[in-house]
Amino acid sequence: MTERTSRRRGFLSVPGLWPFLLVSALALGIVLDGVIGGDQLQSANPEAARAAEMAAALDALPDGALVLVAMDPDLGTYPEIRGTVRAVLDDLLGRGARLALVSFTAEGRAVAAAELQRLRAAGVDPGRLFDLGFVAGAEAGLVLSVTDLRPAAGTAPASFAAVAGGIAAFDLALVVGGVDIGPRTWAEQVTPRLPDLPIAAVVPTFLHPEVAPYLRTGQLVALLGTFRDDAAYLLAVGAPSGVRDATSSPGELPMLLGLLIALAFIGRAVASHRPGLGTAAAREPEEPA
Amino acid sequence: MNGLVGTDVAGTAATWVAAVMTVAVWSYFTGAGRIFRLAQYLLAGLATGFLVLVSLREVLVPRLVSPLLADPAGDLIPWIGLALVGLLVGARWLPPLAGSLPIALLVAATTAFALGGAVVGTLLPQLGASMLPPAPQPADLVNGAISAAITGLVLFGFLHGVRRGRVAGLAAGTGRWLLLGGIGGWLGFLLVSRLALLVDRVGFLLGDWLGLVP
């Protein structure tokens, strides 16, 4: 091995070099995305069926609809859907709906408290925004809430008097899901008890394969479950408050760069380490006849 | 305005804390394990404190203590809850049977809800949706056939410990590849999800903290 090759390998094995390069590439992508702009790159799904389904679900609401927002995202993955959730909430408020936020996980409660604070600071009419707090018991708590979703005594404004009737009193349930409690839990625990309650959902991309089948069965009336569907919805309704740009959140160029880098890493891994499946080493030995 | 020169003190402080903690977590890649561990401890401490606060403010006080103080004879359920809490807290000093009662109830109730919901809310509706309609279109037939073939081949892939001929071996191998393809697809969703989060965080540092991008 020559000294030059050795020096090169030594540089490439500097701790943190590859993550640093990845972050640098993404940072460059974000800066260039802002500088170049334009419509050359679009993250919105050209087949905007999911965005249209969400819009249709909101269109079907009556005037002054009572909407239950079940905020149970994971703290770690919420930033991916934050813009979409805010856009849907803004859309609902723009249509005159009354929102009641409830959480069945402690993490979701933290997010719900922050979103409530944001909406109140934005000047949303207190009579149209209500905090139902945290309901303990996970799935058991959710089942109990079907018939009994009591706010703390004296905290409910008059416009939310119907809340005492439980989830059945709402015109729509908007489920912001995470790993613990999400659209699947709602489809399993609430839909069998309230088959007429429309449920719409917003989930991070990684939950999409788990949740999408419920859309096909009609247990969900709408689902925004991928990065591209989120972008399509944001494009349709416009930027919510607190999101930089409706069409580029998190940004097309950095996403493209990141995916290309990921593909390069996968290609390198495949080239240097052939997967065992299908090879003689990993194949199960056939039993003698 | 950004986190470096903001006029809102609370907002600026929050941005600085978030930015510093982000960099602290990323320092793990450079081998700075102590800083990363500190960030972990901080997260664990904050999460524990938040959970205690939520439990007290939104569960124990309004749903257990207040009803008992307001009307001790009104409802039996809070008393049962209190007794179970007492058993759980005092499990260390009580006979094993008494201490395990609340745990057993918790596990049994959770399992019952999860299992019942999975059958009624997932298994049966999904089976129903997989069945062909009474007058199927050609596309339905093709979709159904492909679904059935993939399901059968993947199930074959899990067939272990039985005699397997060449055809069955080929089917099992195909099933394992299909399974791998499905897992790969799921990992693709996971990759996009995590990449969006990373881009969001880098964007936060560049925009909200440093003000380099609008």
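1. Helix α10 (residues 252-272) of chain A has 21 residues, which at 1.5 Å a residue should span 30 Å; the end C-alpha atoms are 30 Å apart, in agreement. The expected span is 1.5 Å times one less than the number of residues. Helices are DSSP runs (H or I, at least four residues), numbered from the N terminus.

2. The model is predicted: local features need pLDDT of at least 70 and side-chain atom pairs pLDDT 80 or more, whereas totals for chains, interfaces and linings use all residues. Residues are numbered from 1 along each chain, chains are lettered from A, and side-chain values use heavy atoms, without hydrogens and water.

3. Buried residues (under 20% relative accessible area, 1.4 Å probe, protein chains only) of α10(A) are A:Glu252, A:Leu253, A:Pro254, A:Met255, A:Gly258 and A:Ala262. These buried residues pack against α2 (17-36) and α9 of chain A, and also against α6 (166-209) of chain B. Contact here means heavy atoms within 4.5 Å.

4. Helix α9 (residues 227-237) of chain A also packs with helix α3 (residues 49-59) of chain A, at an angle of about 55 degrees and with the axes 8 Å apart. In α3(A), A:Arg50, A:Ala51, A:Met54 and A:Leu58 meet A:Asp229, A:Ala232 and A:Tyr233 of α9(A). The residues of this contact comprise five nonpolar, no polar and two charged.

5. Chain B contains six helices and zero strands. Of its 214 residues, 22% count as buried. Among contacts in chain B between residues at least 6 apart in sequence, 33% join residues at least 24 apart.

Conventions
Axes are lines fitted to C-alpha atoms, for helices over the stretch in contact, and angles run from 0 to 180 degrees between N-to-C directions. Helices (H or I, at least four residues) and strands (E, at least two) are DSSP runs, numbered from the N terminus. Ala, Val, Leu, Ile, Met, Phe, Trp, Tyr, Cys and Pro count as nonpolar, Asp, Glu, Lys and Arg as charged, and the others, Gly among them, as polar. Buried means under 20% relative accessible area, exposed over 50%, partly exposed in between (1.4 Å probe, protein chains only).
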